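Hi,

Here is the structure I said I'd pass on. Have a look, and my notes follow below.

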Amino acid sequence: MNAPRHLGNRVRVLSQAIRQAIDRKLTDLDLTGQQSFILRYLSERKDEVVYSKDIEKRFNLTHPTVSGLLQRLTCEPDPDDRRYKRVLLTEKAEDCQKQIWEHIQSIEARMTAGMQESEVDTLVRLLDTAAQNLDVSMNFDCMKEEKRP
């Protein structure tokens, strides 16, 4: 009989290692994980008008929680309706987002070192299939590959 592969444990250990590496970078930038997700969301919508209500809906957060998370971002009254505040990235927030993105790319490069491009493609396909087999929704819109400055 074949020895157990303990796939779940391998995935858990890898996930923890990735999270720890990202958390160290966020600590260096004095950000929380949730703030980094919001920065990414705003960065992807630079050319759109974003309100705190949009962030509340997207991340399923309460108004007080979003207000606290947005303290480092600039909010300005909407010129068409002053009851609403538009959320804008500060220069510091944009720089943080750039650093986080570069760090994620560095982690992924280290993680796939020694793999051929076809092997990385196979790994991605197999991980997606495993998640689908467990009925896990794999929504990676925020992680789409893109060219960053």
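Buried residues account for 24% of the 149 in the chain, where buried is under 20% relative accessible area, exposed is over 50% and partly exposed is in between (1.4 Å probe, protein chains only). Bear in mind that this is a predicted model, with local features needing pLDDT of at least 70, side-chain atom pairs counting only at pLDDT 80 or more, and totals for chains, interfaces and linings using all residues. Numbering starts from 1 along each chain as its sequence is written, and side-chain values use heavy atoms, leaving out hydrogens and water.

The chain has six helices and two strands, in the order α-α-α-α-β-β-α-α from the N terminus. These are DSSP runs numbered from the N terminus: helices are H or I with at least four residues, strands E with at least two.

Now to I107, which sits in helix α5 (residues 91–111). I107 counts as buried because its relative accessibility is 7%. Beyond its neighbours within four places in sequence, I107 touches I18, A21 and I22 (contact means heavy atoms within 4.5 Å). I18 is 89 residues away from I107 in sequence, yet their C-alphas are 7.3 Å apart.

Over the whole chain, 58% of contacts between residues at least 6 apart in sequence join residues at least 24 apart.

One more residue: M115, in the loop between α5 and α6 (117–133). M115 counts as partly exposed because its relative accessible area is 36%.

Cheers
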